[in-house]
Amino acid sequence: MCDMEKAHFVILPVAYERTTSYRKGTARGPAKFLEASHQLEFYDEELAGETAKLIAIATAPIFKPSAKEADHKFLKRVSSAVAELVRRKKFVATIGGEHTLTYAPILAYAQVYADLSILYVDAHADLRNEYEGTPWSHACALRRSLEACRLFGGQGRTSMVGIRSMDIEEARYIGDNQNLALFGMAQSYRLCDLADSIIERLGEHVYVSIDLDGLDPAVIPGVGTPQPGGLGWYDLLYLLKKLFERRRVVGVDLMELAPIAGQVISEFAAAKLLYRIIGYSWKNQ
């Protein structure tokens, strides 16, 4: 790790949990994520190098909303923090926290990259216009993120990967939106065969959003709303590696870590996933 000025990669932890609808605990995700990251080996067996010693990485202080801070105001505050880091030429990795947070960094990046595309890895479509009385629910995360892209003239071209839960209105929304490409688990279990198609749908500049429940719960069980099935560890890494080779990935987030008492596999796997993503970015910059 290094200081913020010298860093190329900045990890922005955001302890935000307002609308979680099943298991609680995503507010504790960032702290546990960072705690687990200290247990990782420096040597990356795939990239064949001591990534953490070669790459300038800094961690920002944990962001938290105040008790009475409105959701949209807090998200704008997070977005402003991301925008400032982007202005300083940092690659920002936001860790959460519930998936609602994704709106904030995408709002920041969409102001810089008019052609911003999204790789959205999740078990859920997250395309509801509102859920349980709020438009800022985790179930609306992708819908709000697409709106953020359109605010600045973008189309928000998106490849949705690992999806295996949605309602009928979300299914209709996908069918009516030519900028959304759905790769559900009925297809995504063959992810290595589909990687080219997933990437071809995306433009030059890509933002990667990963809800950890997109992975099989055998890999990461500590999430708020787990679903059976899901992406395998090596399948997801294969897709990400190809994406970084073929597109310019400008930012990333890992969301919905909800640690389980007495287990550390979820936070350890999440930390190792981000470590590998940073390695892919560094190798392809």
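This is a short tour of a predicted model, one selection at a time.

Before you start, note that residues are numbered from 1 along each chain as its sequence is written. In this predicted model, local features need pLDDT of at least 70 and side-chain atom pairs count only at pLDDT 80 or more, while totals for chains, interfaces and linings use all residues; side-chain values use heavy atoms, with hydrogens and water left out.

**Stop 1: helix 9**

Select residues 233-246, which form helix 9. Helices here are DSSP runs of H or I with at least four residues, strands are runs of E with at least two, and both are numbered from the N terminus.

Now colour Trp233, Leu236, Leu237, Leu239, Leu240, Leu243 and Phe244, the buried residues of helix 9. Buried means under 20% relative accessible area, exposed means over 50%, and partly exposed lies in between (1.4 Å probe, protein chains only). Look down the helix axis: these buried residues fall within an arc of 160°, so they line one face of helix 9. The arc is taken from the directions from the helix axis to the C-beta atoms. Among the elements covering them are strand 6 (117-121), helix 8 (191-200) and helix 10 (265-284).

**Stop 2: the nonpolar cores**

Next, select Leu119, Leu212, Leu254 and Leu273, which touch the most other members of the 52-residue largest nonpolar core. Such a core is a set of buried Ala, Val, Leu, Ile, Met, Phe, Trp, Tyr and Cys residues joined through side-chain atoms within 4.5 Å. Helix 10 gives the most to this core, with 9 residues. In soluble globular proteins, nonpolar side chains tend to be buried together.

Zoom in on Leu273. Leaving aside residues up to four places away in sequence, its contacts (heavy atoms within 4.5 Å) include Trp233, Leu236, Leu237 and Leu240, residues that you coloured as buried in helix 9. A second, separate core has 43 residues, including Ala7, Val14, Ala104 and Tyr207.

**Stop 3**

Select helix 5, residues 141-151. How many of its residues are buried? The count is 8 of 11, so helix 5 is mostly covered. Its buried residues pack against helix 4, strand 6, strand 7, helix 6 (168-176) and strand 8 (180-184). Just after helix 5, Gly153 takes a positive phi of about 85°.

Cys149 is one of the buried residues of helix 5, with 2% relative accessibility. Show Cys140 too, which is buried at 0%. The whole structure has 0 disulfides.

**Stop 3: backbone details**

Go to Gly96 and Gly97, joined by a cis peptide bond with omega of about 25°. Gly97 is in the loop between strand 5 (91-96) and helix 4 (103-110).

Then find Asp126, in the loop between strand 6 and helix 5. Asp126 is not a glycine, yet its phi is positive, about 55°. Is Asp126 buried or exposed? Asp126 is buried, at 5% relative accessible area.

Finish at Glu256, in the loop between strand 10 and helix 10. Glu256 has a positive phi near 70° and is buried, at 2%.

Terms used:
Disulfide = S-S within 2.5 Å. Expected span 1.5 Å × (residues − 1).
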